[in-house]
Amino acid sequence: MTRPDRKSLTLFGLILFQAFCLAFFLFDVIEDFAGLYDASVPYGHFLPEAGATLGMAIGLAFETRYLIRLLRKQAHMERGLGVAAGELATLMEDYFRKWGLTAAEADVAAFTIKGYSITEIAGLRGSAEATVKTHLNAIYRKSGAQGRGQLVSVLIEDLMRAPLVSGEKPMGQGALAEGAGAKG
Amino acid sequence: MRKLYVWDPLVRAFHWALVAGLILNMFVTNPGKTAHRWLGYGVLTLIALRLVWGLIGPKFARFRSFPPDPAAALDHAREIVTGRVHPHEGHSPLGALMVYNLLASCLIIGLTGWMLTTLTWFGVEWVEDLHKAFVTWVQLCAVLHIAAVIFESRRLRVNLPKSMVTGYKTLP
């Protein structure tokens, strides 16, 4: 397993801390809610507090979603090194989302692209080979690729179009190509 | 399939006695009454015993076998979000964090509860608030703990609640 970087550790710590804070605010809001009936708590006190608590909950949800994405990306980059690894991982995640792969399918797809066999993937994921095959079928059906080779070439094609170290995401190939004046 | 003995009788007895003690003091006894107080002392004794057992007990009971490790917890989270399945023999890293959280929170509840029985702290508002706030926190965490145990049992196909009764984990 990869050692997580500072970023995900900090985020994890922040999420735990905010969950702790949220629990107390939530407790307070629920108590105040009861106080609305006998008018011991005015609405002017309750509504802003409830709003702030809601805002915190939403923030927490987004942070958790971001952490999940970060962890998935890290998991798929595990043995990748070098400049292209980060870019490739981002690209892979974008495609997996576009194809609507489940978390497990995305994991299998990442291993497949890196050249692991079905037996190896089953071992790495702690699942049966039949399960991996089911995932692979779903991956090929959803992506429209005929096999491992095509799956890889989709990514390579995109990587070749875009500069490796840039902030730009090489998704939406058409727009990128037109923008660069390559087509036309 | 392999059957592994992980939870010794003291760990199991501690777990269920703590559950019983918390439920009784949260929903049955009245704060300030003798029964509430003695149950509280009981829970504090249980935690003290568990802390000692964590140093001298068998392998899976020892704190050394489940240190609070954020990096390992993230590895565990990564397994969940990618659908990889590698069950842990003893406490899982995320489970371990919950263990320490609950131990510490129950300790705070017990200590603030005891403070409220003394002349110095009786009726002091912040002590009362702290006591109540941590009770709410433990209730939330208990719900999360049960949800996580059900979720992990299904994900890993290991009956975790059963292992806390029989002491054996059946790992694939």
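Asp94(A) and Arg97(A) sit three residues apart in helix α3 (residues 83–99) of chain A, about one turn of the helix. In this predicted model, their side chains meet in a salt bridge, with 3.2 Å from N to O. Asp94(A) is buried because its relative accessible area is 9%, under the 20% cut-off, while Arg97(A) is partly exposed at 41%.

- Side chains of opposite charge can pair when their charged atoms come close.
- Over all chains, a search of the whole structure finds seven salt bridges.
- One of them joins Lys142(A) and Glu105(A), at 2.8 Å from N to O. Lys142(A) belongs to helix α6 (residues 129–143) of chain A and Glu105(A) to helix α4 (residues 103–113) of chain A, so this pair ties together parts that are 37 residues apart in sequence.
- Lys142(A) is partly exposed, with a relative accessible area of 28%, whereas Glu105(A) counts as buried at 9%.
- In chain B, Glu89(B) forms a salt bridge with Arg2(B), and the closest N and O atoms are 3.3 Å apart. Glu89(B) lies in the loop between α3 (70–82) and α4 (93–115) of chain B, and Arg2(B) in strand β1 (residues 2–5) of chain B, so the pair ties together parts that are 87 residues apart in sequence.
- Both partners count as partly exposed: Glu89(B) has 30% relative accessibility and Arg2(B) has 40%.
- Asp107(A), Arg125(A) and Arg84(B) are joined into one network by salt bridges that share partners.

**Chain A at a glance**

- Chain A has eight helices and zero strands.
- Of its 184 residues, 36% are buried.
- UniProt, in an unreviewed entry, places the feature "domain: HTH luxR-type" at residues 98–155 of chain A. That stretch is 76% helix and 0% strand, and its end C-alpha atoms are 13 Å apart.

**Chain B at a glance**

- Chain B contains six helices and two strands, which follow the pattern β-α-α-α-α-α-α-β along the sequence.
- The C-alpha trace of chain B spans about 55 × 30 × 30 Å along its principal axes.
- Among the 172 residues of chain B, 42% count as buried.
- An unreviewed UniProt entry places "domain: Cytochrome b561 bacterial/Ni-hydrogenase" at residues 6–167 of chain B. The end C-alpha atoms of this span lie 6 Å apart, and the span is 73% helix and 0% strand.
- UniProt also lists "transmembrane region" (unreviewed entry) for chain B, including residues 12–32 and 99–122. Residues 12–32 of chain B are 81% helix, with end C-alpha atoms 29 Å apart; residues 99–122 of chain B are 71% helix, with end C-alpha atoms 30 Å apart.
- Gly167(B) falls in the loop between α6 (160–166) and β2 (168–171) of chain B, and this residue is buried, with a relative accessible area of 0%. Its C-alpha atom is separated by 25 Å from that of Gln139(B), 28 residues apart along the chain.

**A patch of negative charge**

- Which residues gather in a patch of negative charge on the surface? They are Glu31(A), Glu125(B), Glu128(B) and Asp129(B).
- Helix α5 (residues 125–156) of chain B supplies the largest share of this patch, three residues.
- Glu125(B), found in helix α5 of chain B, counts as exposed because its relative accessibility is 58%, over the 50% cut-off.

Technical notes. Residues numbered from 1 in each chain as written. Chains lettered and ligands numbered in written order. Predicted model: local features only at pLDDT ≥ 70, side-chain atom pairs only at ≥ 80, totals over all residues. Heavy atoms only, no water. Patch = residues over 30% accessible without salt bridge, like charges linked within 9 Å, V, L, I, M, F, W, Y side chains within 5 Å. Areas by Shrake-Rupley, 256 points an atom, 1.4 Å probe, with all protein chains shown as cover. Salt bridge = Lys/Arg side-chain N within 4 Å of Asp/Glu carboxyl O. Lys, Arg positive; Asp, Glu negative; His and termini not counted. Charge placed at Lys NZ, Arg CZ, Asp CG, Glu CD. Helix = DSSP H or I, 4+ residues; strand = E, 2+ residues; numbered from the N terminus. Buried < 20%, exposed > 50% of the residue type's maximum accessible area, 1.4 Å probe, protein only. UniProt positions renumbered as here; feature names shortened; annotations may be inferred.
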